[in-house]
Amino acid sequence: MEMKLDPAKDDLPLMANTCHMLVKHYVLDLDVDFKSQVIEGTVVLFFEPGSSCKKGGSAGEGACLSQSDETCKIRASEPCHSSVTNVSARSSKTGYNDFAVCAKGEKDTSDKNGNHSNGEQTSGISSSKNCCDIENHGSEDFLLVLDCCDLSVLKVEEVDVTAVPGIEKFTRSAKLTDAEELRNLRNQIVHELVILPADRWREQLYYYTRCSQAPGCGELLFSTGTWSLMIRKAEVQAPRDFPRAIRIWYKTKPEGRSVTWTTDQSSRPCVYTMGSPINNRALFPCQEPPVAMSTWQTTVRTASCFVVLMSGENSAEPAQLQEGLLSWYYYVTMPMPASTFTIAIGCWTEVKQESHTADGRTNNEFSSLFSRADLRLIEGSCGHVAYPCRFQNPAASSQLVIPHRVFAPWCLKDRCAEILLELIPQCLSAAHATLGTHPFSRLDVLIVPSNFSSLGMASPHIIFLSQSVLTGGSHLCGTRLCHEIAHAWFGLAIGARDWTEEWISEGFATYLEDVFWAVAQQLPHDEAREQQELKALLRWRRLRDEVQNSEEELQVLRPNKENTGEVSESGTCIIKHGLNAEKIFMQVHYLKGYFLLQSLAKRIGEATYFEFLRKFVQKFHGQLILSQDFLYMLLEDIPEQKGYGLSVENIIRAWLDTSGIPKLLPDQLVLLLESLLEEKTLCLRTLQCLEKTYHLDEQDAEVRHRWCELVVKHKYTTRYADIEKFLKEDQAMGVYLYGELMVNEDAKQQELAYKCFAATQKQMDVSSAKVVAEMLF
């Protein structure tokens with residue numbers, strides 16, 4: 001049997017062999033039943049060969065390299081079992097006995113129809129040897145592996161795309177002399193459909209729809225494991241020959257970890273997905289690695305009392321199929337990872353305010369930081385794969401506020417009208433003033449049920465907000481909304497190529513929320529800076545507490561270090577700590593990433609920094625990045641920083657590859673020391689750690705002054721020499737320290753004060769000497 005992973009300690013496996021086959025488009029056709037708490041239907045996947053196939057991988061590679069060494073480490077070395085059930089009434093009878101073989105000496109669990117049960121008997125892929133061995137399967141057929149968990153897979157079949165009327169336009173030749181040529185023709189049609197130019201996206205969507213409705217042309221063999229769905233076609237040994245369009249019939253399970261069935265604040269049933277640690281693999285079989293960027297379209301049928309919201313470019317209008325049953329349709333044309341797909345179905349009420357007019361104003365004083373950057377910064381075509389890109393659309397570039405809607409349970413309608421309807425256009429306009437073109441054409445904002453475990457979550461075209469942001473004025477709601485809007489650029493339009501580099505998404509969103517919110521409030525520059533400094537202090541305290549109370553391994557922003565972004569030859573990989581429940585609630589990626597970006601902005605200067613950010617967004621939108629992509633471009637764009645000791649290697653070593661809190665800028669150290677001065681007691685070990693970590697005796701006078709205050713307050717006698725040095729060499733700032741030495745009525749400290757004053761009195765400024773003398777005598 002498959003080894004069980006410990007959800008508190010183990011890493012998350014991404015099983016899909018994306019280097020062999022890559023999903024380019026999903027067509028989901030789903031029925032949602034709230035009584036059984038099941039989503040049931042089909043997903044049609046359209047493929048292109050992956051990178052290894054384009055390099056000319058052999059049939060042997062296609063078969064046995066579909067499992068990575070990393071995958072094998074987390075699997076028990078047992079032969080594969082099968083997990084197949086009868087299909088629903090809409091499906092024909094199945095027969096998978098070639099693939100559904102039991103391990104030697106094990107009981108045959110097949111039912112009377114010759115099918116294997118789909119209970120808790122799981123396999124997964126224990127090793128490439130066991131799954132590809134001729135002794136077990138009688139062949140070395142290529143295995144397509146998808147990420148799949150908590151799903152009942154009922155049937156898998158190849159789709160006969162040649163049956164679609166008018167599809168011949170995607171064929172180079174109509175000759176069909178044998179089965180192999182017919183297979184090649186089907187694959188050719190899908191290939192031509194996938195590579196259609198971006199300006200033909202409507203036609204492409206139309207034919208994706210028609211192809212998804214085409215009849216099946218042969219069932220495919222499949223097996224399921226805890227984390228995977230494995231599919232093969234008999235005698236197909238190379239991924240390039242594998243069907244490019246397949247249909248999977250499946251059902252979700254009520255306990256599935258990607259889907260939350262609950263009730264809203266008005267006690268009405270609802271269901272939503274929320275980017276859980278396993279993402280969407282318990283919603284539909286998919287490829288979860290970020291590199292599997294795809295488009296999708298979805299039809300959802302459910303009772304007419306429900307509203308279906310989804311990550312889609314269009315504002316769907318429901319179509320009535322019959323009395324009491326509605327159909328909703330959404331699509332996206334910008335390729336993104338499957339993990340960004342989101343759905344929320346409930347008795348939502350759209351919140352409207354007839355007299356409301358979007359306020360697109362921004363504060364001229366603050367937004368002038370960003371006025372020098374515009375679309376001319378990056379000339380030429382975009383760097384991403386072809387899709388209808390808003391960054392190439394002049395009308396989109398000048399759209400300060402994108403169309404938006406607000407949905408909520410009925411009982412929260414009035415509160416949303418009061419708070420959200422005014423804030424959303426202000427925050428959207430502020431984001432545009434900072435970064436330019438909105439990557440997405442529209443936005444829905446939904447107040448999710450009270451069991452939602454975060455204050456917010458951003459997905460393409462839709463933001464989930466917790467009801468907690470609606471109370472106590474607009475500040476929390478505004479800042480959280482700004483954070484989620486920032487994810488449109490960092491996290492969605494620009495994604496991390498390796499999931500472990502969460503700081504690329506969360507660090508940027510945390511940093512930008514302050515900037516967006518200051519612009520949205522139209523604050524004067526000085527007031528905005530004061531507000532941001534206060535937030536920095538609060539965040540510093542949270543980060544300090546988290547570092548002191550968490551495992552060091554979980555404090556590293558780049559846990560894979562130099563191996564970040566690497567995958568096996570098949571494309572499978574491991575997400576370190578992906579199943580660690582503690583990590584889900586940690587903020588180190590938010591806070592440490594924020595302080596890294598803040599330190600860079602202070603070093604470079606805000607105006608220059610934000611001009612660079614605009615350039616970075618222009619260059620990398622629609623793409624996946626690693627940390628070094630950002631850092632290399634920053635230092636190349638602002639080369640003078642290299643003269644100040646900034647280098648990609650130094651930043652990575654200090655901020656990304658180590659635990660704890662990196663060396664801080666002087667202002668940050670002052671904030672830290674001032675917050676520590678408010679503590680009644682600090683143990684000797686803490687003081688020693690501070691001294692050693694931040695080399696406090698080498699810092700500037702502002703920092704050393706606070707350090708001397710700590711030394712005095714906690715009578716840290718071994719560092720009295722730092723006080724003596726400060727009082728002698730930094731006389732312009734030392735007057736206050738004399739008072740501190742005297743007020744404690746400690747004999748050693750008073751003796752130190754007398755000694756230092758005697759040594760410096762003759763050289764001291766007359767006024768300073770008079771004030772100190774009054775303190776001492």
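Me: Which way do E7 and strand E8 (residues 228-232) pair, and over how many bridges?
Reply: E7 and E8 pair in the antiparallel sense, over 4 bridges. Strands (E, at least two residues) and helices (H or I, at least four) are DSSP runs numbered from the N terminus, and two strands pair if DSSP finds at least two bridges between them.

Me: What is the bridge partner of phenylalanine 222 in E8?
Reply: Isoleucine 231.

Me: Before going on, what kind of model is this?
Reply: A predicted one, where local features need pLDDT of at least 70, side-chain atom pairs count only at pLDDT 80 or more, and totals for chains, interfaces and linings use all residues. Residues are numbered from 1 along each chain as its sequence is written, and side-chain values use heavy atoms, with hydrogens and water left out.

Me: What does the chain average in pLDDT?
Reply: The average is 83, and 82% of the residues score at least 70. pLDDT is the predictor's confidence in each residue, from 0 to 100.

Me: Where is the pLDDT below 50?
Reply: Over residues 55-138, a stretch that has 208 contacts in the model beyond near neighbours in sequence; contact means heavy atoms within 4.5 Å. Residues 360-379 also stay under 50, and the model has 48 contacts for them beyond four places in sequence. Where pLDDT is low, the predicted coordinates should not be read in detail.

Me: Back to the sheet. What is the strand order?
Reply: E4-E8-E7, an open sheet of 3 strands with antiparallel pairing. Strand E4 (144-147) and strand E7 (221-224) are at the edges with a single partner strand each, so one side of each has no neighbour in the sheet. On average, neighbouring strands here are turned by 20° against each other, direction ignored; axes are lines fitted to C-alpha atoms, for helices over the stretch in contact, and angles run from 0 to 180 degrees between N-to-C directions.

Me: New topic: how many disulfides?
Reply: The structure holds 0, a disulfide being a pair of cysteine sulfur atoms within 2.5 Å. For cysteine 148, the nearest cysteine sulfur is that of cysteine 149, 7.4 Å away.

Me: Is cysteine 286 buried or exposed?
Reply: Buried, at 0% relative accessibility. Cysteine 148 also counts as buried, at 2%. Buried means under 20% relative accessible area, exposed over 50%, partly exposed in between (1.4 Å probe, protein chains only).

Me: Which strands pair with E18?
Reply: Strand E17 (residues 349-351) is joined to E18 by 3 bridges and runs antiparallel, with glutamate 350 partnered by phenylalanine 407. Strand E19 (residues 443-447) pairs with E18 in the parallel sense over 4 bridges. Arginine 405 stands opposite aspartate 444, and valine 406 opposite valine 445.

Me: How does the chain get from E18 to E19?
Reply: Through helix H10 (residues 413-435), in a left-handed β-α-β crossover. A crossover is right-handed if, with the strands pointing away from the viewer, the path from the first strand over the helix to the second runs clockwise.

Me: Why is E18 largely enclosed?
Reply: Because 4 of the 5 residues of E18 (residues 404-408) are buried.
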